[in-house]
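Please load the model in a viewer and keep the sequence panel open beside it.

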Amino acid sequence: MFSPATLEERRRYYREEWSDNDLPKFIIKELNKREFGFDHLGHGPNDRYKVFKGKDSLRRFLRYKSPFAAYISVAFYNNPRRREDWLKSEYIFDVDAKDLPIRSCNCEGVCETCLSEALEVVNNLLDTLEGNLGLNNIHLIYSGRGYHIRILDTNLMEADSDLRSEILKYVAGADIPKSEYSNPLEGGTRYKIEHFSIPIAYPKIFTSRIKYNMMHLTGNEEIEGINPRLLKDIIKNRQFLENDEWGLFKSKIGPRRYKDLITAMAKVNLSSIDAKVSIDLKRILRLPTSLHSKVSMKCVEVKNRETFNPLKKAIPKFVEER
Ligand SMILES: [Zn+2]
């Protein structure tokens, strides 16, 4: 498992197992307005600017070429063959298991453990996207080594990179919440309040993200801004976080080191997601139903995000029979 697919295996997959019935509806709709890209030799997607009228011509191409990898643009164009006349783009969150800054395994590539932690991170992001931002046209794709959250809500699809970047920071928890507020009813008197004492809105998102991080630390991490001693103290005292006793936790760590800690954790939050993918309007992403040949897994749409197990749903037949 997780070893590369041979050309023979790729052929078998596209000729015997691949079916256009498995293509998600959001992919088939306006298929001819998207750019496709292919990697035939495993050196990267250098066969680009491809366009298909519909799923029949796509099926013929995949069966004939059995590519190493297949990609589809997040963008829709009036002229996809030249990537001209841009109309709109999906908004993407890309979470790759092998790039997670905090994970309990020490594997080289990906394994069952980090894949399931990637899904936990993704589910936290989805809760915020749906619960806080009210988005509802969201599709989750297992990419072969992680997850793509693909958002097709109309208002967001026309958003530019700057807005996408602002939303990314909010959903990721990339900024430390402010700790000084003022009350206009009391003549603007300023007062201080900690992020963990505010049970709503952005401070709540930030607090839950950094709690997740700290509960998942193994003690082997190298995190910028957190020295080995602080790392040890976080792990020693994190039982207070389990019961959300943040005040106690902070007093054990000490106020100065606590500031270092949340500064570092804000960076960890952002680095759990590939920000370049989120702000890129012309990105191509692995095509759902295609084969991730480096690890011999299928890229598939996730139907039930709570119970999805890639080792049950994304293993091609040729791997089972190896
Ligand atoms: Zn792993």
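**Before starting**

This is a predicted model, in which local features need pLDDT of at least 70, side-chain atom pairs count only at pLDDT 80 or more, and totals for chains, interfaces and linings use all residues. Residues are numbered from 1 along each chain as its sequence is written.

**Stop 1: the domains**

Colour domain 1 (1-160 + 281-316) and domain 2 (180-271) separately; these bounds come from an automatic or database domain assignment. The centres of the two domains, taken over C-alpha atoms, are separated by 34 Å. Select next the residues that link them: seven residues of domain 1 are in contact with eleven residues of domain 2, contact being defined as C-beta atoms, placed from the backbone, within 7 Å of each other.

**Stop 2: the nonpolar core**

Select Ala 118, Val 122, Tyr 142, Tyr 147 and Ile 149, the residues with the most contacts inside the largest nonpolar core, which has 67 residues. Helix α4 (residues 112-131) supplies the largest share of this core, eight residues. Each of domain 1 and domain 2 contributes at least three residues to this core. A nonpolar core is a set of buried Ala, Val, Leu, Ile, Met, Phe, Trp, Tyr and Cys residues joined through C-beta atoms within 7 Å. A residue is buried if 20 or more other C-beta atoms lie within 10 Å of its own, exposed if 12 or fewer, and partly exposed in between, with C-beta atoms placed from the backbone.

Now centre on Ile 149. Leaving aside neighbours within four places in sequence, Ile 149 is in contact with Ile 92, Phe 93, Val 122, Leu 125, Leu 126, Ile 138 and Leu 140.

**Stop 3: helix α4**

Helices (H or I, at least four residues) and strands (E, at least two) are DSSP runs, numbered from the N terminus. The buried residues of α4 include Cys 114, Glu 117, Ala 118 and Val 122. The buried residues of α4 pack against β6 (91-96), β7 (138-142), β8 (146-151), α6 (161-172), α7 (201-215) and α13 (310-313).

**Stop 4: the sheet**

Show the four strands of the open sheet, ordered β6-β8-β7-β14 with antiparallel pairing. β6 and β14 (300-301) stand at the edges with a single partner strand each, so one side of each lacks a neighbour in the sheet. Two strands pair if DSSP finds at least two bridges between them.

How many bridges join β6 and β8? There are six, in the antiparallel sense; Tyr 147 in β8 is the bridge partner of Val 95. β7 and β8 pair over five antiparallel bridges, and Tyr 147 is also the bridge partner of Tyr 142. Three residues lie between β7 and β8 in their hairpin, where Gly 144 in the turn has a positive phi of about 115 degrees. Six of the six residues of β8 are buried, so this strand is largely enclosed by the rest of the structure.

**Stop 5: helix α1**

Finally, select Glu 9, Arg 10, Tyr 13 and Tyr 14, the buried residues of helix α1 (residues 7-17). Seen down the axis of α1, these buried residues fall within an arc of 125 degrees, so they line one face of the helix; the arc is that of the directions from the helix axis to the C-beta atoms. Their cover includes α3 (55-65), β12 (291-292) and α14 (317-320). On the other side of α1, Glu 8, Arg 15 and Glu 16 are exposed.

Methods
Contact = placed C-beta atoms within 7 Å.
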